[in-house]
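Please open the structure in your viewer and keep the selection tool at hand.

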Amino acid sequence: METAKLTLQGKDYELPVFEGTEGEVAIDCRKLRGTTGAVAYDPGFGNTGSCSSDITFIDGEAGILRYRGYPIDQLATQLPFTKVAYMLIHGDLPDEDTYQRWRTGLTYHTLIHEDMKKFFEGYPPHAHPMAILASMVASMSTYYPESDDPQDIELNIIRLIAKIKTLAAFAYKKSIGQPFIYPQNDLSYSANFLKMMFAVPAEPYEVSPTLERALNTLLILHADHEQNCSTSTVRMVGSSGANLFASIAAGICALWGPLHGGANQAVLEMLQSIADDGCDYKKYIALAKDKDSEFRLMGFGHRVYKNRDPRAEILKSAADDVLAELGVDDPLLEVAENLEEVALNDPYFKERKLFPNVDFYSGIIYRAMGIPTDMFTVMFALGRLPGWIAQWKEMRDAPKGRIHRPRQIYTGANRRDV
Ligand code: ACO
C-alpha cells in the first residue's frame, strides 16, 4: 500500500493512502492524533473526507454527477422520481415487481395522522414553510416510534417519503388560508403533490403533464449531492443514534440557509430587486466583487463544481421548455439570462470559476409553476429526501460507525484567575 510521509517536529510518520473507485486519493488521518499528537485543521471541511460512500460520485472539475454510477442526465430524463429514490436508498434500480411494491407503499402511506392536522392550526399564518416542514418531520417520530428492526426502518422510510409531500402541500395551504386537499392515490408522486398544492374543493383540477414532467426532473436533479451541508448534518445527527425523522428534520434546517438550499429563494429575490432597480447589471456585478459588501451573486459558485454544474445545464433547457409550453413570459428569466452573460464575461467570475449552480434556474421554473418563493426550499427538500435517507441508512449500516465528533484548535485565553 502507498503511504504519505509526514515530517512533524523533526519526526517522520507514514500515513496510509487509499483510493476510491473513481481514482480519488485519500490520506487516512484516523490515527494522526494518536501517533503524532496533532490534528488536521480544515475549517469548512473543503479537504476532509468525512466518510466513504457508495451513493453519489461528483467530479467537480469535469462537471460529472452520478447516483450509484448512473449519469444524472439519464436519470433526470428517463426515470420517475420514485424509482430513482428506490435506487439511491437500496443501491440498484428495482425489478418491476420490487418497484410495484415500493410504489404501492409510497401510495398507501400518503395520508398523515388526522391529529397532525391540528399542529398546523398553531402556526402563525405567515410562518415559513421550512420551519413547519422541519417541525412536522420531527413530530412524525411521535407517531412512528423508532426501532432497530430493518423492516420497521424500511416502513418508516416509506412513510416519510410518502407523507412529506402531503406535509409540504398542507403547509402551503395553511399559509394561504385554503382547505387542505387530500392525496389522490392514482396519481404519480409529482402529480399528487401538484394537486394537493393547487386544487380547491370547489372546482375540478387537472394536473398539467408539462408541470408533472418538470417537477419529476427537478426532484431527481436534487435527489443527492454527496457530503454537502445538509447531508453531512443528517449523518452527524444520525451518528448519535438519533432516529430517522429527527436526523432528516435536522437536514431540513441545514438546507434552509441562503448559502445552501435557501439560495433558490434568494436568487428570485435578487433578480426581482435588480429588475426593480432598472436592470443595472454592472452595478450588481460590481457589488458582488466588492469585498466590503456582503452582497453575493446568488445562484453562482459552488464548493465542488469549478467548471459547470451539470444540473444547471439540464435545468436551463427545462426552464425554456416549461415557459414555452405554458406560454409564460417571465421578465425575470430575461434578467437571469442577462445577468449570467455579464457575470460569465467578467474576469472576477472567470478567475474564480464561478458559474450558475442548480439554484439559478430552479427558481424560475418553480415560479412558472405557480409555486410561491418561500416554498422553493421546501421543493428542494422534497427532492433531497431520498439522498438524505440513503446517506443516513449507509451511515447507520456501516460496521464500526463512530459518533461524529470533530476536534478544534483552541485559540482563546490561557488559564487566568477570576
Ligand atoms: N458572488 C460573488 N463572489 C463569490 C461568489 C458569489 N456568488 N461565490 C464565491 N465568490 C468568491 C468568494 O468571495 C471568494 O473570493 P476570494 O477568493 O477573492 O476570497 C471566491 O469566490 C471563492 O469563494 P468561497 O466563498 O471560498 O467558495 P465556497 O466554496 O466557500 O462557497 C458557495 C461556495 C457558498 C456556494 C458560494 O459560491 C456562494 O455563496 N454562492 C452564492 C450562494 C449560492 O448560490 N448557494 C447555492 C449553492 S448550490 C446548493 O447548495 C444547492
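Select Gln408, which is found in the segment after helix H18. The model on the screen is a predicted one. Is Gln408 buried or exposed? Gln408 has a relative accessible area of 61%, over the 50% limit, and is therefore exposed. Gln408 and Ala40 are 368 residues apart in sequence, while their C-alpha atoms are 9.1 Å apart in space.

Remain in this segment and select Lys400, which also follows helix H18 (376-397). With a relative accessible area of 81%, Lys400 is exposed. Examine its backbone as well: the phi angle of Lys400 is near 55°, a positive value in a residue other than glycine. Most residues other than glycine have a negative phi.

A second residue with a positive phi is the next stop. Select Arg68, in the loop between strand E5 (64-67) and strand E6 (70-71). Its phi is near 50°, again positive although the residue is not glycine. Arg68 has 21% relative accessibility, which lies between the limits of 20% and 50%, so it counts as partly exposed.

What is the relative accessible area of Ile72? The value is 4%, under the 20% limit, and Ile72 is therefore buried. Display the residues that Ile72 touches: leaving out those up to four places away in sequence, they are Leu65, Tyr67, Ile220, Leu221, Pro310 and Ile314. Then select Glu313, which is 241 residues from Ile72 along the chain; the two C-alpha atoms are separated by 11 Å.

The next selection is Tyr86, in helix H3 (residues 81-90). Tyr86 is buried, with a relative accessible area of 14%. Which residues does Tyr86 contact, apart from its neighbours within four places in sequence? They are Gly91, Asp92, Pro94, Thr98 and Trp102. Select Ala131 too: this residue is 45 places from Tyr86 along the chain, and 27 Å separates their C-alpha atoms.

Turn now to a whole helix, H13, which covers residues 281-289. Within H13, colour Tyr281, Tyr284, Ile285 and Ala288, which are buried. Look down the axis of H13: its buried residues fall within an arc of 100°, so they line one face of the helix. In general, an α-helix has 3.6 residues a turn, so residues three or four places apart point the same way. To see what lies over this face, display helix H12 (263-276), helix H15 (331-344) and helix H16 (347-351), which are among the elements that cover the buried residues of H13.

Select Asn228 next, in the loop between helix H9 (209-221) and helix H10 (229-238). Although Asn228 lies in a loop, it counts as buried, at 14% relative accessibility. Which residues does Asn228 touch, not counting those up to four places away in sequence? The contacts are His260 and Arg384. Show the polar atoms here: the side chains of Asn228 and His260 are joined by a polar contact of 3.4 Å. A polar atom of the Asn228 side chain also lies 3.0 Å from the backbone oxygen of His225.

A polar side-chain atom of His260 lies 3.0 Å from an oxygen atom of the ligand. Select Arg303 and Arg352 in turn. A polar side-chain atom of Arg303 is 2.7 Å from a ligand oxygen atom, and for Arg352 the corresponding distance is 3.0 Å. Taken alone, the ligand exposes 920 Å², of which the protein buries 76%.

Finally, display every residue around the ligand. Which of the 20 residues come nearest? They are Arg296, Leu297, Gly299, Phe300 and Arg303. Colour the shell by class to complete the view: it has ten nonpolar, five polar and five charged residues.

Note on methods: Residues are numbered from 1 along each chain as its sequence is written. This is a predicted model: local features need pLDDT of at least 70, side-chain atom pairs count only at pLDDT 80 or more; totals for chains, interfaces and linings use all residues. Side-chain values use heavy atoms; hydrogens and water are left out. A residue is near a molecule or strand if one of its heavy atoms lies within 4 Å of it. A polar contact is a pair of N or O atoms within 3.5 Å; within protein, one must be able to donate a hydrogen and the other to accept it, and residues adjacent in sequence count only if both atoms are side-chain atoms. Accessible areas come from the Shrake-Rupley method with a 1.4 Å probe; for residues, only the protein chains shown count as cover. Ala, Val, Leu, Ile, Met, Phe, Trp, Tyr, Cys and Pro count as nonpolar, Asp, Glu, Lys and Arg as charged, and the others, Gly among them, as polar. Buried means under 20% relative accessible area, exposed over 50%, partly exposed in between (1.4 Å probe, protein chains only). Helices (H or I, at least four residues) and strands (E, at least two) are DSSP runs, numbered from the N terminus. The arc is that of the directions from the helix axis to the C-beta atoms. Contact means heavy atoms within 4.5 Å.
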